[in-house]
Amino acid sequence: MEDLVRKAQRYVEEVKKLANASDVKAETFVREGEAYQEIIAIAKKNDINTIVMGSHGRTGLKRLLMEVLRKK
């Protein structure tokens, strides 16, 4: 499990770098647990009011993309 967490952290850091290079403010989080519970917990803890999620498959996206936009 620890190896998967490290891989996920490296992946989201790369996504963050790409976002920042495009002048998009991004924050990344890697957590273990039920996805919806972790997303809600992070949103509450960080006073986040908007969550934007993409999916793969039907839309043709090759990777899962999740951006959490912080309330300004």
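How many helices and strands does the chain have? The chain has 2 helices and 2 strands, and along the sequence they follow the pattern α-α-β-β. The model is predicted, so its confidence values are given before the details.

**Confidence**

Mean pLDDT for the chain is 77, with 74% of the residues at 70 or more. Among the elements, helix α2 (residues 35–45) has the highest mean pLDDT, 90. The lowest mean, 44, belongs to strand β2 (residues 66–69). The pLDDT is below 50 over residues 60–72.

**Chain totals**

Of the 72 residues in the chain, 12% are buried. The accessible surface comes to about 6200 Å², and carbon and sulfur atoms account for 53% of that surface. Taking the contacts between residues at least 6 apart in sequence, 23% join residues at least 24 apart.

**Helix α1**

Helix α1 covers residues 2–21. Just after α1, Asp 23 takes a positive phi of about 60 degrees.

**Salt bridges**

Side chains of opposite charge can pair when their charged atoms come close. With a cut-off of 4 Å between a side-chain nitrogen of Lys or Arg and a carboxyl oxygen of Asp or Glu, the count comes to 2 salt bridges.

| Salt bridge | Closest N and O atoms |
|---|---|
| Asp 3 and Lys 7 | 3.4 Å |
| Glu 14 and Lys 17 | 3.5 Å |

Asp 3 and Lys 7 are 4 residues apart in helix α1, so about one helical turn separates them. Glu 14 and Lys 17 also lie in helix α1, 3 residues apart, which is about one turn of the helix.

Are the residues of these pairs exposed or partly exposed? Asp 3 counts as partly exposed because its relative accessibility is 38%. Lys 7, at 44% relative accessibility, is likewise partly exposed. In the other pair, Glu 14 has a relative accessible area of 45% and is partly exposed. Lys 17 has a relative accessible area of 51%; exposed means over 50%, so Lys 17 is classed as exposed.

Notes. Residues numbered from 1 in each chain as written. Predicted model: local features only at pLDDT ≥ 70, side-chain atom pairs only at ≥ 80, totals over all residues. Heavy atoms only, no water. pLDDT = per-residue confidence, 0-100. Contact = heavy atoms within 4.5 Å. Buried < 20%, exposed > 50% of the residue type's maximum accessible area, 1.4 Å probe, protein only. Areas by Shrake-Rupley, 256 points an atom, 1.4 Å probe, with all protein chains shown as cover. Expected span 1.5 Å × (residues − 1).
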